[in-house]
Amino acid sequence: MTATPVISINDISYKYDGQKSYALENVSLSVRSGEWLAIVGHNGSGKSTLAKILNGLQFPESGSVVVEGLELTIDTIWDIRRLVGMVFQSPDNQFVGATVQDDVAFGLENNGVPYQLMKTRVLDALDRVQMAEFLNQEPHHLSGGQKQRVAIAGVIALRPKVIILDEATSMLDPLGRDEVLKTVRHLKDEQGLTVISITHDLEEAAKADRMIVMNQGKVYKEGTPHEIFKLEEELIGLGLDIPFPIKMANELSKKGLHMPESYLTDEELVNELWTLHFNK
């Protein structure tokens, strides 16, 4: 028996004022509880509009969005936002507190969480993202990866069921990106969080459990990362780049080195090359 999805998107459409074409057109998909779902696509594919609708920042013109059995409406918007937290592209745009702890506490204060419970949740959230030692630090003194981890702490302190990463690593250097993704993966595994990653970075998407490719406001393809990356030429045709390990494996195959499968991470590729070397 299939479990009820944590989010169901049913035939939604959305058009921005002054635009002839739909940003989203008849989109339907579901998000399974506890999974990491990556939604990818080029700029203008509809993925960011979808993220805003999932968090109630915009409402579909038609169709429905159901989160944990609750349909998104103007009357349920705040209930939905308690279930679905969002981490945006630029962490600086999310900071409102003078210190790290003030910033993480902000959402809890707005939700009327009692002071002692709020204090416990702030410390717990910062500890979970390895930022507890920066409690009294001013946010603008932090690195990009640290800022984004504080932004994540502000979301998880609210105890959502789902976290949406809306291009949340796109402005970070490789080290900061790795910090953030490892933090979210740890939280997902530890707390059973559902993660939706909205991204154009296919190397980030390769780490997901499942991928959805958007194109021209519609769902183009859906599958596991291995299934999606078999569509290499199609993805390139859509303006999407291919993860480096896949490119490298293809080049090595052209040089006559037998590569038995596609590799989604650098580690997978290096391990295979190491194995081939010692099996000669």
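**Helix packing, buried positions and positive phi values**

Just after helix H3, Gly112 takes a positive phi of about 70°. The model is a predicted one, in which local features need pLDDT of at least 70 and side-chain atom pairs count only at pLDDT 80 or more, while totals for chains, interfaces and linings use all residues. Residues are numbered from 1 along each chain as its sequence is written, and side-chain values use heavy atoms, with hydrogens and water left out. Helices (H or I, at least four residues) and strands (E, at least two) are DSSP runs numbered from the N terminus.

Helix H3 spans residues 100-110. Its buried residues (buried: under 20% relative accessible area; exposed: over 50%; partly exposed: in between; 1.4 Å probe, protein chains only) are Val100, Asp103, Val104, Ala105, Gly107 and Leu108. Helix H4 (115-128) and H5 are among the elements that cover these buried residues of H3.

Two packed helices are described by the angle between their axes and the distance between the axes. Axes are lines fitted to C-alpha atoms, for helices over the stretch in contact, and angles run from 0 to 180 degrees between N-to-C directions. H3 and H5 pack at an angle of about 35°, with their axes 7 Å apart. Contact, defined as heavy atoms within 4.5 Å, is made by Val100, Asp103 and Val104 of H3 and by Val150, Ala153 and Gly154 of H5. Four of the residues in this contact are nonpolar, one is polar and one is charged. In this classification Ala, Val, Leu, Ile, Met, Phe, Trp, Tyr, Cys and Pro count as nonpolar, Asp, Glu, Lys and Arg as charged, and the others, Gly among them, as polar.

Helix H5 (residues 144-156) also meets helix H6 (residues 174-191), the two axes coming within 8 Å and crossing at roughly 25°. H5 and H6 are therefore roughly parallel to each other (angles under 35 degrees; over 145 is roughly antiparallel, 65 to 115 roughly perpendicular and the rest oblique). The crossing of H5 and H6 is right-handed. On the H5 side the contact is made by Gly145, Gln146, Gln148, Arg149, Ile152 and Ile156, and on the H6 side by Gly176, Glu179, Val180, Thr183, Val184 and Leu187. The residues of the H5 and H6 contact comprise five nonpolar, five polar and two charged.

In helix H10 (residues 244-254), the buried residues are Pro245, Ile246 and Ala249. Viewed down the axis of H10, these fall within an arc of 100°, so they line one face of the helix; the arc is that of the directions from the helix axis to the C-beta atoms.

Val84 is found in strand E6 (residues 84-87) and is buried, with a relative accessible area of 1%. Not counting residues up to four places away in sequence, Val84 touches Leu54, Asn55, Val67, Pro160, Val162 and Ile164. Thr194, in strand E8 (residues 194-199), is buried at 1% relative accessibility. With neighbours within four places in sequence left aside, the contacts of Thr194 include Val6, Val31, Lys161, Val162 and Ile163.

Most residues other than glycine have a negative phi. Asn26, in strand E2 (residues 24-31), has a positive phi near 50° and is partly exposed at 44% relative accessibility. Gln216 lies in the loop between strand E9 (210-215) and strand E10 (218-223); its phi is also positive, near 50°, and Gln216 is exposed, with a relative accessible area of 62%.

Note on methods:
A crossing is left-handed if the near helix is turned anticlockwise from the far one by less than a right angle, and right-handed if clockwise.
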